[in-house]
Amino acid sequence: MAQEIAEGSTALLSVGVIARRSGVAVSTIHFYESKGLISSVRTEGNQRRYAPVLLRYIAIIKVAQRTGIPLEEIREALRRYPPGSKLTAGQWKTLASEWRVDLDQRIQKLTRLRDELDQCIGCGCLSLEDCPLRNPGDALGAKGSGAQILNRP
């Protein structure tokens with residue numbers, strides 16, 4: 001699991017408390033656990049219990065998801081740190097700066113897409129008035145199928 005409960009931790013929280021304090025549904029917590037983003041321990045009655053530090057991990061997951069970072073990338077990023085540890089400001093800064101580079105690239109691509117959306121997308125159909133100007137002779141078709149102009153890095 002991505003984040004184990006730290007040994008010696010005594011203040012374990014129920015899934016309901018974690019859900020309430022993190023602002024996510026119980027089902028979301030179970031989903032995160034099934035994806036290996038967080039982990040729990042089981043009581044003798046087979047109830048899940050979570051270390052309070054997982055509230056920070058859930059907050060990180062929520063922020064990363066809101067920026068469009070896939071859960072697999074989030075999981076891999078969190079795996080770099082000792083299981084169940086409280087991320088330091090420096091560790092968060094490292095994570096955030098790595099994600100920022102990707103986010104800046106996506107913003108740049110989305111801005112270009114937005115700005116070019118009402119023009120020819122280089123699909124090779126030659127049915128739009130702009131196509132003969134932006135893609136004469138279907139030159140972009142040689143680069144592959146799909147919207148070549150909008151697919152560039």
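## Helix packing and aromatic pairs

With a relative accessibility of 10%, Trp99 counts as buried (buried is under 20% relative accessible area, exposed over 50%, partly exposed in between, with a 1.4 Å probe and protein chains only). The model is predicted, so local features need pLDDT of at least 70 and side-chain atom pairs count only at pLDDT 80 or more, while totals for chains, interfaces and linings use all residues. Residues are numbered from 1 along each chain as its sequence is written, and side-chain values use heavy atoms, with hydrogens and water left out.

**Overall layout**

- The protein has 7 helices and 3 strands (DSSP runs numbered from the N terminus: helices are H or I with at least four residues, strands are E with at least two).
- Read from the N terminus, the order of elements is β-α-α-β-β-α-α-α-α-α.
- The protein has 153 residues, and 33% of them count as buried.
- Of the contacts between residues at least 6 apart in sequence, 61% join residues at least 24 apart (contact means heavy atoms within 4.5 Å).

**Helix α1 with helix α2**

- The axes of α1 and helix α2 (residues 26-34) come within 9 Å and cross at roughly 105 degrees (axes are lines fitted to C-alpha atoms, for helices over the stretch in contact, and angles run from 0 to 180 degrees between N-to-C directions).
- This angle makes α1 roughly perpendicular to α2 (under 35 degrees is roughly parallel, over 145 roughly antiparallel, 65 to 115 roughly perpendicular, and the rest oblique).
- On the α1 side the contact is made by Val15, Gly16, Ile18, Ala19 and Ser22, and on the α2 side by Val26, Ile29 and His30.
- These residues divide into 5 nonpolar, 3 polar and no charged (Ala, Val, Leu, Ile, Met, Phe, Trp, Tyr, Cys and Pro count as nonpolar, Asp, Glu, Lys and Arg as charged, and the others, Gly among them, as polar).

**Helix α1 with helix α3**

- Helix α1 (residues 15-22) and helix α3 (residues 54-66) have axes that come within 10 Å and cross at roughly 50 degrees.
- That angle makes α1 oblique to α3.
- The crossing of α1 and α3 is right-handed (left-handed if the near helix is turned anticlockwise from the far one by less than a right angle, right-handed if clockwise).
- Ile18, Arg21 and Ser22 of α1 make the contact with Leu55, Ile58 and Lys62 of α3.
- By class, the contact of α1 with α3 holds 3 nonpolar, 1 polar and 2 charged residues.
- Ile18 and Ser22 are among the α1 residues in this contact, and they are also among those that α1 brings to its contact with α2.

**Helix α3 with helix α4**

- Helix α4 (residues 71-78) packs on α3 at an angle of about 140 degrees, and the axes are 10 Å apart.
- The two helices are therefore oblique to each other.
- The crossing of α3 and α4 is right-handed.
- In α3, Tyr57, Ile60, Ile61, Ala64 and Gln65 meet Leu71, Ile74 and Leu78 of α4.
- The contact of α3 with α4 has 7 nonpolar residues, 1 polar residue and no charged residues.

**Aromatic pairs**

- The structure holds 2 aromatic pairs (rings of Phe, Tyr and Trp, the last by its six-membered ring, pair if their centres lie within 6.5 Å; planes under 30 degrees apart are stacked, over 60 edge-to-face, and the rest tilted).
- Phe31 and Tyr32 form a tilted pair, because their ring centres are 6.4 Å apart and their planes stand at 50 degrees.
- Phe31 is partly exposed at 37% relative accessible area, whereas Tyr32 is buried at 3%.
- Trp92 and Trp99 form an edge-to-face pair, 6.2 Å centre to centre, with 75 degrees between the planes.

- Ala11 lies in the segment before β1 (13-14) and counts as partly exposed at 44% relative accessibility.
- Leaving aside residues up to four places away in sequence, Ala11 touches Tyr50 and Pro52.
- Tyr50 is found in strand β3 and is buried, with a relative accessible area of 0%.
- Ala11 and Tyr50 are 39 residues apart in sequence and 8.5 Å apart in space, C-alpha to C-alpha.
- For Ala11 and Arg49 the separation is 38 residues in sequence and 9.3 Å in space, C-alpha to C-alpha.

**Asn46**

- Asn46 is found in the loop between β2 (41-42) and β3 (48-50).
- Asn46 has a positive phi of about 70 degrees although it is not a glycine.
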